[in-house]
Amino acid sequence: MAAIAAARYGAAVLLVERYGFLGGNATAGAVAQFNSWQTAGGRRVVAGLADEVVARLTQLGAAGAHQTFVMSTGHKMDRVEYAPETLKLVLDDMVIDAGVQPLLHATLLDVSCAGRQIEAVRVLTKGGIVSVRPRVLIDATGDIDALKRAGARFLELEDGEELQPATMMFRFGPIDFGRFDAVPPDEMAALARQGFEQGQLARAALHCARDPFSADAWFNISRLAVDATDPMALGRAEIEGRRQAWRAASYLKASVPGCAQGQLRAFGTQVGVRETRRIEGDHVLTAQELLAPAQFEDAIAAGAYPIDIHAARGGGLHYQSLGDDHAYQIPYRSLIPTAFDNALAVGRGVSATHAALAAIRVMTISMAVGQAAGTAAALATRRRPGSNDDGPADVRAVPIAALRRQLESDGACLR
Ligand SMILES: Cc1cc2nc3c(=O)[nH]c(=O)nc-3n(C[C@H](O)[C@H](O)[C@H](O)COP(=O)(O)OP(=O)(O)OC[C@H]3O[C@@H](n4cnc5c(N)ncnc54)[C@H](O)[C@@H]3O)c2cc1C
């Protein structure tokens, strides 16, 4: 979303991606549902480019309608299920239509800096090393790899906190949804507990998102305690994730109504990662600020997803629901790394405490934050008439009122 927004405002954008397709957890991780578009009471808090993604998916028959979904905790939220494979196509179209230059199959190599400026980013491609001199670097790698290589500072976990676990999503079907949906919620919860107690499920849940094209669903029921920035541990998690998924699929088939004819048909391309590095930004967003909710003069996105912390070990979930009309804001300063002038961090790497990130990490809010970052980068790099300046820009010089006006006129919600 950051690349698309920046390109639509005339910035020359190179989008670097290690896979041959875009989307991250939304495609490679096969998460398959965009959660929490509105408050529990029904007030919209995420729109803009995220809406356009859903509209394009819907046109291709690849997204369900907005639906109210009641969590096992009783919290009501609005979600859209979608087909991750078709999302790849939608994102291709959106970046190409916007004039973004995609550089796929390109992995970050290193970053060179001069003081507070990112000077060059080198990426490894099939054709060798490509060096880019960005005026603004937007780090949307989830793990904030580029700013890590640049030497930025990161927030630490506090005592008693652990990284949220990763999950290997898997596709299972066909499911007889007539029978599956007829299971009362308390019985489904009992089946999930039984699977967990028997060691077949790594978390006591049978949570899934349906594929719009078939009688299959993507299941989110594995759980892997891993620091996904540790390469050896990440590889072990991929392997353990597939094993957990296989065991879970066997349990579905044997014990869950409607699943007897199903097979495990696909794993996510990669294990889905909820949390790794969080940048130290000009503002560190806290859970208290989400719960208050605090009002920020530089709010660039809003959200209503509750604080949702999956325990790294065991099957537990800490889930703090919000009130009926409760929405919170995300300030622009939480995107700005303290150590640099021409960089922004987005997605699950923004400057937030562990607990605050547990709310704002979802894809709806990540898309809204991405749109804001791209718009800000375009404003930061806009040349004054007659100027040929192609050096690093200053993201702190972005006029906040103009940024917010632009976002609102592009359909974004800021409160
Ligand atoms: C199992 C699971 C279930 C979830 N459930 C939901 C849900 O139901 N609804 C919801 O809205 N959200 C959900 N989330 C949260 C959400 O999916 C993520 O927080 C969100 O996708 C984060 O987006 P991101 O763009 O910051 O990072 P990512 O999705 O991780 O994307 C990072 C991108 O950068 C690329 N990249 C990374 N490193 C490099 C590198 N070194 N060089 C080049 N490219 C690189 C990756 O390939 C990827 O395309 C879930 C997450 C997980 C893991």
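Mentor: One term first: a residue is near a molecule or strand if one of its heavy atoms lies within 4 Å of it. This is a predicted model, where local features need pLDDT of at least 70 and side-chain atom pairs count only at pLDDT 80 or more, while totals for chains, interfaces and linings use all residues. Residues are numbered from 1 along each chain as its sequence is written, and side-chain values use heavy atoms, with hydrogens and water left out.

Trainee: Okay, which residues come nearest to the ligand?

Mentor: Of the 27 residues around the ligand, the nearest are E17, R18, N25, Q33 and R361.

Trainee: And how do the residues of that shell divide into nonpolar, polar and charged?

Mentor: The shell around the ligand has 9 nonpolar, 12 polar and 6 charged residues. Here Ala, Val, Leu, Ile, Met, Phe, Trp, Tyr, Cys and Pro count as nonpolar, Asp, Glu, Lys and Arg as charged, and the others, Gly among them, as polar.

Trainee: Which element gives the most to the shell?

Mentor: Strand β2 does, with 3 residues. β2 (33-35), β6 (107-114) and α10 each supply at least two residues of the shell. Helices (H or I, at least four residues) and strands (E, at least two) are DSSP runs, numbered from the N terminus.

Trainee: What about the backbone, which polar atoms there sit by the ligand?

Mentor: A polar backbone atom of L108 is 3.2 Å from a nitrogen atom of the ligand. Ligand oxygen atoms come in too: one is 3.3 Å from a polar backbone atom of G24, and one is 3.5 Å from a polar backbone atom of A140. As for cover, the ligand has 1,000 Å² of accessible area on its own, and the protein covers 92% of that. Accessible areas come from the Shrake-Rupley method with a 1.4 Å probe; for residues, only the protein chains shown count as cover.

Trainee: Changing topic: where does D298 lie?

Mentor: D298 is in the loop between α8 (287-291) and β14 (299-303).

Trainee: Is D298 buried or exposed?

Mentor: Buried, with a relative accessible area of 7%. Buried means under 20% relative accessible area, exposed over 50%, partly exposed in between (1.4 Å probe, protein chains only).

Trainee: And what does the D298 side chain make a polar contact with?

Mentor: The side chain of R333, at 2.7 Å. A polar contact is a pair of N or O atoms within 3.5 Å; within protein, one must be able to donate a hydrogen and the other to accept it, and residues adjacent in sequence count only if both atoms are side-chain atoms.

Trainee: Which peptide bonds are cis?

Mentor: Two to look at. The bond from G173 to P174 is cis, with omega near 5°, and P174 lies in the loop between β10 (170-173) and α5 (177-182). The bond from A292 to P293 is cis as well, with omega near -15°. P293 lies in the loop between α8 and β14.

Trainee: Why point those out?

Mentor: Because most peptide bonds are trans, and most residues other than glycine have a negative phi.

Trainee: So which residues have a positive phi without being glycine?

Mentor: Among them are A32, with a phi of about 70°, and H105, with phi near 50°. A32 is in the loop between β1 (14-16) and β2. H105 is in the loop between β5 (101-103) and β6.

Trainee: Is A32 buried or exposed, and H105?

Mentor: A32 is buried, at 0% relative accessibility. H105 is exposed, with a relative accessible area of 52%.
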